[in-house]
Amino acid sequence: MTYSTSILPASAHGNLNFNQDSKFVLHYFNYHGLGATIRALLCFGEVLWENQIQPFPEWMETKPTTPFGCIPILKETLISTGEEFAIPESQAIERYLGRKFGLMGDTPREQTLNDIFYAQATVLWVKYTETVL
């Protein structure tokens, strides 16, 4: 049996210089929370991105202007055309970046294992926030 020390799918190996066809802006508060994984993925993807910090005192004024009244929001702009794509909801953003960077698995089995891990991480996050906050 062969074991790999890497947790990345085969499609991601040797592919860390991703296409620079887009630039990103992450709109979130100045703490880790739901933005931590997104920021890590943007760094991993070696893409152009900006961290747009939402000042907490101004949040109630900004909130009605956001999709679903929440952040984070990731805005992707195609450099060649200027076309923008705004993605609300942290899980949707994380999965989008995972697909874009080839991290979601190469086979249905790998993709399902990824989904299982993601679901459990979400359960742990909810339990943590219920306990700590």
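The structure is a predicted model, in which local features need pLDDT of at least 70 and side-chain atom pairs count only at pLDDT 80 or more, while totals for chains, interfaces and linings use all residues. Residues are numbered from 1 along each chain as its sequence is written, and side-chain values use heavy atoms, with hydrogens and water left out.

We begin with the aromatic rings. A search of the whole structure finds 7 aromatic pairs. Rings of Phe, Tyr and Trp (for Trp, the six-membered ring) pair if their centres lie within 6.5 Å; planes under 30 degrees apart count as stacked, over 60 as edge-to-face and the rest as tilted. Phenylalanine 29 and tryptophan 59 form an edge-to-face pair, with 5.4 Å from centre to centre and 80° between the planes. This pair links distant parts of the chain, 30 residues apart: phenylalanine 29 belongs to the loop between β1 (22-28) and α1 (36-44), and tryptophan 59 to helix α2 (residues 59-62). Here helices (H or I, at least four residues) and strands (E, at least two) are DSSP runs, numbered from the N terminus. Both phenylalanine 29 and tryptophan 59 are buried. Buried means under 20% relative accessible area, exposed over 50%, and partly exposed in between (1.4 Å probe, protein chains only). Tyr28, Phe29, Tyr31, Phe56 and Trp59 form one aromatic cluster.

The loop between β1 and α1 also holds glycine 33. Glycine 33 has a relative accessible area of 28% and is therefore partly exposed. If residues up to four places away in sequence are not counted, glycine 33 touches Tyr28 and Trp125, where contact means heavy atoms within 4.5 Å. The C-alpha atoms of glycine 33 and proline 72 are separated by 9.7 Å, and these residues are 39 residues apart along the chain. Proline 72 is placed in the loop between α2 and β3 (73-78). The peptide bond that leads from isoleucine 71 to proline 72 is cis, with omega near 20°.

Glutamate 46, in the loop between α1 and β2 (48-53), has a positive phi of about 50° although it is not a glycine. Glutamate 89, in the loop between β4 (84-88) and α3 (90-100), has a positive phi near 80°, again in a residue other than glycine. Glutamate 46 counts as partly exposed at 39% relative accessibility, and glutamate 89 counts as partly exposed at 36%.

The next topic is charge. The whole structure contains 2 salt bridges; a salt bridge is a side-chain nitrogen of Lys or Arg within 4 Å of a carboxyl oxygen of Asp or Glu. Glutamate 76 and lysine 100 meet through their side chains in a salt bridge (3.1 Å, N to O). Because glutamate 76 lies in strand β3 and lysine 100 in helix α3, the pair ties together parts that are 24 residues apart in sequence. Glutamate 76 is buried, at a relative accessible area of 4%, whereas lysine 100 is partly exposed at 31%.

A salt bridge also joins the side chains of aspartate 115 and arginine 95 (3.0 Å, N to O). Aspartate 115 lies in helix α4 (residues 108-132) and arginine 95 in helix α3, so this pair ties together parts that are 20 residues apart in sequence. Aspartate 115 is partly exposed, with 34% relative accessible area, and arginine 95 is partly exposed at 25%. The charged end of arginine 95 also sits over the ring of tyrosine 118, 4.4 Å from its centre. A charge sits over a ring if NZ of Lys or CZ of Arg is within 6 Å of the ring centre and within 35 degrees of the ring normal.
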